[in-house]
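User: I am new to this structure and would like to learn how to read it. Could you take me through a few features?

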Amino acid sequence: MRGYDLDLLRYLQVLVEEESVSAAARRLKVSEPAMSRHLAKLRGVFSDPILVQSGRTMTASSFALGILERVQGVVRAADSLIETQALADLRNMRPSFTIRANDLIVATLGLPLLRALREDCPQCDLTFAPEIDDPASDPLRQNSVDLYIGATDAMKPEIRRQTIFRDTMQALVRKDHPIFAEGITPQNMTHYDYISVSRRGRARGPIDTQLRDLHGLERRVVMVVPNYHAMIESMKDTDLILPLPGLVLDHVSLDALGLAKFEFPLPLPYVVAFQAWHPRHDTDPIHRWLRETLFRVSRKVLPSRFVT
């Protein structure tokens with residue numbers, strides 16, 4: 001190559017993807033002055049500004065956007081040359097992965113994923129970071145987590161995602177709840193009070209939308225809790241209804257706790273869970289091994305909810 005090498009192309013790729021010298025520097029773990037020097041060299045090589053000032057931010061030039069896909073392809077192809085060797089060394093590596101997920105995901109997939117990873121890489125370890133109120137894309141962009149597992153709709157457009165399972169909401173009640181004798185209908189559903197599980201304190205959701213739009217009905221939500229753990233055993237002493245994902249109820253000993261479940265007589269949308277990552281990790285062989293292992297584990301642990 002005349003005037004540039006693979007490393008410079010990698011800097012070009014990241015600068016255009018991030019449209020920020022500081023963000024590109026953080027992503028590639030170099031100083032901002034060093035990244036600024038790389039940008040200056042790229043401008044000289046290509047006779048193009050690459051990034052142009054737009055108010056208080058920068059945007060990629062038309063030329064840079066036009067060649068981005070080809071640059072990504074070149075970098076991807078070069079990275080693939082070392083993938084075989086990198087994966088061959090897994091048994092001697094000590095990678096540490098941070099995954100952001102809620103308690104339900106951790107309880108279901110945490111240990112199976114760790115076991116599967118350590119079959120190939122005995123010295124790897126996992127850290128599960130809790131879901132908090134900041135946008136799920138932020139820690140992926142900032143490289144503070146390797147993967148997000150969840151179902152949020154608030155993802156930035158550049159974030160990659162892969163669906164791993166889907167679920168439906170079901171109702172948890174005491175075993176001899178009167179709704180079983182009355183009949184499980186939308187009308188009878190509204191005769192009883194509800195508990196809503198929401199980390200953000202939201203009382204309403206798809207159940208309310210379907211009741212209102214299809215039947216002109218409204219349910220009463222009398223309590224909102226941040227997680228379901230503390231409520232399950234208490235349900236046997238009340239006529240309250242607790243909507244929960246089927247994934248949770250699959251792991252509850254209903255008979256032993258004096259509980260029962262039923263399907264809502266409403267066309268509720270699926271809860272679609274996915275793994276998400278920043279495009280900087282697309283061709284990283286170790287990160288791809290992590291994603292493929294999680295996908296395989298999800299298919300094994302949740303065969304009835306697996307989505308191709």
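Predicted model: local features only at pLDDT ≥ 70, side-chain atom pairs only at ≥ 80, totals over all residues.

User: In what order do the five strands of the open sheet come?

Analyst: Strands of a sheet pair through backbone hydrogen bonds, either parallel or antiparallel. Here the order is β4-β3-β5-β12-β6, with mixed pairing; strands are DSSP runs of E, at least two residues, and helices runs of H or I, at least four, numbered from the N terminus. Two strands pair if DSSP finds at least two bridges between them. β4 (125-129) and β6 (160-167) are the edge strands, each pairing on one side only.

User: Which strand does β3 run parallel to?

Analyst: β3 (residues 96-100) runs parallel to β5 (residues 147-150), joined by two bridges. I99 has L147 in β5 as its bridge partner.

User: How do the axes of α6 and α13 cross?

Analyst: Axes are lines fitted to C-alpha atoms, for helices over the stretch in contact, and angles run from 0 to 180 degrees between N-to-C directions. The axes of α6 (residues 103-120) and α13 (residues 285-301) come within 9 Å and cross at roughly 125 degrees. The two helices are therefore oblique to each other (under 35 degrees is roughly parallel, over 145 roughly antiparallel, 65 to 115 roughly perpendicular, the rest oblique).

Terms used: Residues numbered from 1 in each chain as written. Heavy atoms only, no water.
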